[in-house]
Amino acid sequence: MNHSSADAVLLELHYLPCIAYFIHLKRFRKIILEVNENYTKQTYRNRSYILTANKVQMLSIPVSKDGEKSKLKEIRIDYTQRWQNNHWRAIKSAYGKSPFFDFFADYFHDILYSNYKFLVDMNLDLLTKCLELLSWHDKQIEITNTYMEATDSQCIDLRGEIDLKSRPPEDTEGGFKAYNQIFGKNFVPNLSVIDLLFCEGANANVILGQSSLPHR
């Protein structure tokens, strides 16, 4: 398929997606989110990665589901664990001194503490907020009603393109544009987009525009 002629992209809904996710999104006007897939453990759907003073840290949302095969849209967030406090404490510790933390922090704090029942609802609001902060106001988001078996010539299917095996945290394949991070001497690519937003603010859009990934 000629990617330049495609108007839409089909992919999964991730938690505070990595930068590679947004490098793909920037090329398309319409974003179709697959929420009728079978939920898979240990993926970006409920995991995100940030850079702390000591290491790359994983943020994982505990979830509950019914039976072995549950659709992503049916996955509920487990609030018996104090994950919200843990995630926000880690985010604040990692980015509290970053140039744009005070500008953006409240948006993410409010969403994380809104006590969504379903994982997809929180992930969708976080994605929508990230697109807004990037000033990508022309993007149109759609949610699948049933699992999409195939796409037409106007939509490129990138399901499975961004996962922890093929594109893990600290992924160095592709043209990730380096930017100033808070910790460490060496640039760490492909963290959560909040790393880019807190460090670069409005310039995040420019950084993404200067980044690229190999087209499948």
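Buried means under 20% relative accessible area, exposed means over 50%, and partly exposed is in between, with a 1.4 Å probe and protein chains only.

**Ground rules.** I am looking at a predicted model, where local features need pLDDT of at least 70, side-chain atom pairs count only at pLDDT 80 or more, and totals for chains, interfaces and linings use all residues. Residues are numbered from 1 along each chain as its sequence is written, and side-chain values use heavy atoms, with hydrogens and water left out.

**Entry 1: the sheet.** I began with the strands. Helices (H or I, at least four residues) and strands (E, at least two) are DSSP runs, numbered from the N terminus. Two strands pair if DSSP finds at least two bridges between them. I found an open sheet of four strands in the order 7-2-1-8, with parallel pairing. Strand 7 (140–143) and strand 8 (155–157) stand at the edges with a single partner strand each, so one side of each has no neighbour in the sheet. From one strand to the next, the twist averages 25°. Angles here run from 0 to 180 degrees between N-to-C directions, and axes are lines fitted to C-alpha atoms, for helices over the stretch in contact.

**Entry 2: strands 1 and 2.** How many bridges join strand 1 to strand 2? I count five, between residues 8–12 and residues 30–34, and the two strands run parallel. Along this pair, A8 stands opposite K30, and L10 stands opposite I32. Strand 1 is mostly covered, as five of its five residues are buried.

**Entry 3: E34.** Next I looked up E34, which lies in strand 2. Is E34 buried or exposed? E34 is buried, with a relative accessible area of 0%. I then searched for its polar contacts (pairs of N or O atoms within 3.5 Å; within protein, one must be able to donate a hydrogen and the other to accept it, and residues adjacent in sequence count only if both atoms are side-chain atoms). The E34 side chain makes one with the side chain of R159, at 3.0 Å. The E34 side chain also reaches the backbone nitrogen of M148 at 3.1 Å. Contact means heavy atoms within 4.5 Å. Setting aside neighbours within four places in sequence, E34 is in contact with residues including L10, L72, T144 and Y147.

Entry 4: Helix 4 (residues 119–133) lies across strand 2 and strand 7, and runs at about 170° to strand 7. I also looked for a nonpolar core, a set of buried Ala, Val, Leu, Ile, Met, Phe, Trp, Tyr and Cys residues joined through side-chain atoms within 4.5 Å. The largest one has 68 residues, and F22, L25, I91, F108 and M122 have the most contacts inside it. Helix 4 gives the largest share of this core, eight residues.

**Entry 5: N190 and N115.** Most residues other than glycine have a negative phi. I noted two with a positive value: N190 has a phi of about 65°, and N115 has one near 55°. N115 is in the loop between helix 3 (101–112) and helix 4. N190 sits in the loop between strand 8 and helix 5 (193–200), and N190 is buried at 2% relative accessible area. A polar atom of the N190 side chain lies 2.9 Å from the backbone nitrogen of A20, and the N190 side chain reaches the backbone nitrogen of I19 at 3.5 Å.

**Entry 6: cysteines.** How many disulfides are in the whole structure? My search finds zero, a disulfide being a pair of cysteine sulfur atoms within 2.5 Å. For C155, the nearest cysteine sulfur is that of C18, 19 Å away.

**Entry 7: P99.** My last stop was P99, in the loop between helix 2 (83–95) and helix 3. Not counting residues up to four places away in sequence, P99 touches I182, F198 and C199. P99 and D138 are 39 residues apart in sequence and, C-alpha to C-alpha, 26 Å apart in space.
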